[in-house]
Amino acid sequence: MSSEPTIELVDIYKSFGSTRVLEGVTLPLFPGEVHSLMGENGAGKSTLVKIMAGLHLADKGAVRMGGREVLFRSTAQAQHAGVSVIYQEPTLFRDLSIAENVFMHRQPKTRYGWIDYAEMNRAVSGHLRQLGVSLRPEDPVLGLSIADQQIVEIIKALTFEAKVLIMDEPTAALSLEEVKRLFEVTQRLRDRGVAIMFVSHRLEEVFAISQRITVMRDGQVVGSGPIAEWTTEEVIRKMVGRSLDALYPKEKVDPGEVILRVRNLRRAGVFKNISFEVRRGEIVGLAGLVGAGRSEVARAIFGIDPLDSGEVSVNGTHLRNHTAQDAMAAGIGFVPEDRQQQGLVMEMTATRNATLTVLPQVQRFGFVSREKERQIAAQWTERMRLKGHIDEPVNILSGGNQQKVVLAKWLATKPKMLIVDEPTRGVDVGAKSEVHRTLSQLAKNGMAIVMISSDLPEVIGMADRVLVMHEGKLTAELSRPEATEEAIMFAATGQTTSRIQSKESKNNPKSSS
Amino acid sequence: MTKEFESRPNGPGQLKVFMRSREASLVLLIAILTAITTVLNPRFLSPQSLKDLMLNVSIIALLVLGQTIIILMRQIDLSISSIVGITAFLSGTLFIGHPGVPSVVVVLAATLAGLILGGVNAALIAWGKIPALITTLGTLYIFRGANYAWVHGRQINAVNVPGSFLAIGTATFMGVPILTWIVLILLVVVAIGLRQYGAGREYYAIGSNPNAAVLAGINVSWRIATGFLISGAIAGLAGALWLARFGTVDATAAEGIELGVITSTVVGGVAITGGVGTVVGAVLGALLLSVFSSTLVFLRVPSFWQQAFQGAMLLLAIAVDAYLAFRHALRSRVKWSHV
């Protein structure tokens with residue numbers, strides 16, 4: 001399109017500790033162009049965004065704007081240079097008005113040095129009108145949807161007269177209608193000559209909006225060019241870089257008897273009509289967009305969140321009380337989404353964390369026995385090749401190793417079934433494949449596994465069956481051959497319910513019900 | 001998309017917004033309480049009783065000004081009562097040690113001393129990164145302990161204090177005590193500061209979302225420090241006024257008043273979780289609690305009930321806030337499920 005890039009990253013290197021995250025990345029953003037950055041989780045996209053936002057400094061390499069080298073040491077510096085970033089979860093002051101959020105720390109002043117609220121509201125009102133959004137500048141941010149909060153962030157960027165707008169997975173939590181509006185806004189900004197970078201996992205969206213695509217893998221750019229040079233298959237091939245089977249070693253297992261059966265789970269305003277079964281040896285993927293209610297369903301099955309109605313049974317035993325104690329006694333293990341907050345006691349050693357679920361077993365005369373602790377912990381930590389010292393506090397372990405400790409903790413209870421929520425989020429590629437190998441092996445040895453994941457290649461590679469949720473409802477059940485990225489995305493955005501209906505009418509021959 | 005261009009009906013009018021505000025409900029509650037008590041005992045509205053009420057609420061209301069800034073930032077300052085105690089005694093010793101010293105100098109000295117003690121809190125919290133609850137609990141005891149050591153059983157009496165200074169606590173202007181005027185003027189200053197200046201809005205921003213405050217380029221540590229400096233200086237001023245009001249000061253002066261101040265602020269609608277509330281509401285909260293305890297006195301309710309009522313009021317205020325937040329969340333969720 002245009003010749004001179006608005007901003008250009010040149011040969012950027014970045015490491016965190018011993019982990020190299022970016023290796024020689026060069027990326028130009030051109031004015032009036034939407035440039036999509038794609039890659040698997042952990043490919044280095046977020047780090048790249050943070051360098052442009054002024055949150056990280058590159059170890060090596062340069063950021064150039066208008067041909068000159070710039071150095072952003074803070075977000076404020078980046079913003080004043082004309083680079084604005086819109087994150088997936090906007091960071092706003094929920095108690096303050098939209099206009100105040102836009103102008104915080106740089107409010108227009110009257111002659112007497114007071115804040116000029118009228119001017120502030122006028123400016124924001126103008127932007128809201130231009131973007132075609134029916135919000136009022138005096139409205140509090142509290143209660144706005146994520147989509148509307150992103151609009152507030154976009155207006156903030158506009159008041160900075162942003163030349164570069166970076167959107168980091170902005171559509172992950174949006175409904176279809178909201179995505180459409182965001183794209184209209186994006187196109188308007190593009191027409192004004194703003195250079196836009198769009199980070200997304202959704203191929204359909206990327207092809208709908210971009211003029212240029214760059215694909216990253218393992219910290220490097222593996223392909224970049226105008227949209228016309230790309231096909232969906234090509235993008236996926238570049239992103240994954242190897243065949244799915246090699247990366248996701250799910251072994252084929254013939255499913256046995258039903259372990260978990262849930263019927264008509266409902267929680268008002270969160271999810272409803274959730275019914276499914278999981279069999280021995282099966283990994284069932286639970287896919288959907290952020291906010292679709294997947295984690296909530298898992299938490300309700302495990303008894304942490306309340307249920308308004310519905311039945312959960314394990315091995316034919318109906319769980320009546322819906323408490324975590326009951327669920328554990330019945331043989332359910334739950335590896336939560338947020339390792340650091342919900343899965344681990346960060347200051348304790350790996351050994352101690354791994355045996356927290358089985359405290360009675362490690363006691364001798366009512367006191368915790370270090371020796372027994374170590375014995376029990378070692379059974380699983382060794383099998384998972386837990387690197388690092390198991391006697392060190394878990395907060396110094398890498399994300400992958402932390403996840404192994406959480407898994408070990410639940411495996412020590414010898415569960416019949418395991419619910420894992422985002423098992424490989426924030427985990428490096430090596431540890432990721434080990435987590436996958438472990439899950440696969442567990443399934444082979446007869447465990448039933450429910451795996452919630454937003455990482456589509458992971459779901460497709462690991463799951464024997466994929467359930468897809470959209471806004472609190474199950475919208476599809478896909479068998480392994482049916483489960484393509486497109487099919488899952490189609491259901492996750494709520495575009496059809498036909499599949500699940502056809503599936504039910506087919507009457508699964510193995511079904512025992 | 002086109003339907004979104006349709007202009008939405010304008011929001012509620014200014015009067016309606018006010019009627020829904022915390023301030024309006026506080027004014028209403030105060031009016032109801034006053035009306036009930038006056039019917040039962042007409043002396044409640046006598047000039048003397050009104051003056052007592054104003055004097056009683058003034059020093060608490062003054063401290064509420066500082067505490068509002070602190071709580072807006074999701075912080076807390078427990079040490080104010082000890083600062084009041086030290087600076088009250090300091091003011092007295094200045095009058096005794098330097099006969100004829102102008103009252104203005106004494107007031108400024110007390111305020112400066114408060115500022116310095118507030119600086120200790122500020123440094124520990126903003127740069128030492130020690131939670132405010134722990135820091136000010138520590139300094140509450142340290143300042144009080146130092147005060148005991150310094151006072152060493154002595155006492156300041158009204159005879160040691162010049163009459164012109166005591167007049168701050170006794171004389172009136174247009175029927176309102178001078179002491180109350182001072183608090184009212186500072187109330188206006190703080191209210192304007194919090195509403196009309198960038199720095200004021202930053203206190204709200206920090207309490208509302210500390211991470212977003214950093215991203216907006218706010219120097220959060222410095223802003224938090226200024227809050228504790230202001231709270232300290234106000235407590236210092238309150239110490240001088242404490243002497244003017246009561247005349248008598250020993251080492252126990254103002255002990256325990258921090259809890260009443262925090263209660264008033266929260267009852268006045270400043271959310272303990274930060275980011276929400278106004279200083280006018282907080283002062284109305286102090287007034288409500290003051291009227292309430294006068295009511296109990298006039299109705300001959302045993303005094304030990306007063307504290308229980310004050311506590312109940314605090315819990316009620318928090319319950320109302322929680323209920324409103326819950327209703328709001330419910331409404332957003334309903335909206336979400338219709339998407």
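**Entry 1: contacts in chain B.** I began with contacts, where two residues count if their C-beta atoms, placed from the backbone, lie within 7 Å. In chain B, 77% of the contacts with a separation of 6 or more are between residues 24 or more positions apart.

**Entry 2: ground rules.** I noted that this is a predicted model, in which local features need pLDDT of at least 70, side-chain atom pairs count only at pLDDT 80 or more, and totals for chains, interfaces and linings use all residues. Residues are numbered from 1 along each chain as its sequence is written, while chains are lettered from A and ligands numbered from 1 in the order in which they are written.

**Entry 3: more on chain B.** I found 14 helices and 2 strands in chain B; helices (H or I, at least four residues) and strands (E, at least two) are DSSP runs, numbered from the N terminus. I then checked the radius of gyration, taken over C-alpha atoms, against the globule rule of 2.2 Å times the number of residues to the power 0.38.

**Entry 4: the cores.** Which residues have the most contacts inside the largest nonpolar core? They are Leu62(B), Leu63(B), Ala238(B) and Trp242(B), in a core of 158 residues. Such a core is a set of buried Ala, Val, Leu, Ile, Met, Phe, Trp, Tyr and Cys residues joined through C-beta atoms within 7 Å. Helix 11 (residues 220-246) of chain B gives the largest share of this core, 14 residues. I followed Leu63(B) and, leaving aside neighbours within four places in sequence, found contacts with Ile80(B), Ile234(B), Ala235(B), Ala238(B) and Val261(B). Another core, of 76 residues, lies apart and includes Val270(A) and Met451(A).

**Entry 5: chain A overall.** I counted 19 helices and 22 strands in chain A. The radius of gyration of chain A is 25 Å, close to the 24 Å from the globule rule for 513 residues, so chain A is as compact as a globular protein of that length. Buried residues make up 48% of chain A. The domain bounds, from an automatic or database domain assignment, are 7-92 + 141-241 for domain 1 and 246-506 for domain 2 of chain A. Their centres, taken over C-alpha atoms, are separated by 32 Å.

Entry 6: I traced an open sheet of 4 strands in chain A, with order 2-1-4-5 and antiparallel pairing; strands pair if DSSP finds at least two bridges between them. Strand 2 (19-29) and strand 5 (68-70) of chain A are the edges. Strand 1 (residues 7-16) of chain A is joined to strand 2 of chain A by 8 bridges, and Lys14(A) stands opposite Leu22(A). Elsewhere, strand 11 and strand 12 of chain A form a hairpin with 3 residues between them, and Gly269(A) in the turn has a positive phi of about 80°. Val262(A) stands opposite Phe276(A) in strand 12 of chain A.

Technical notes. Buried ≥ 20, exposed ≤ 12 C-beta atoms within 10 Å, placed from the backbone.
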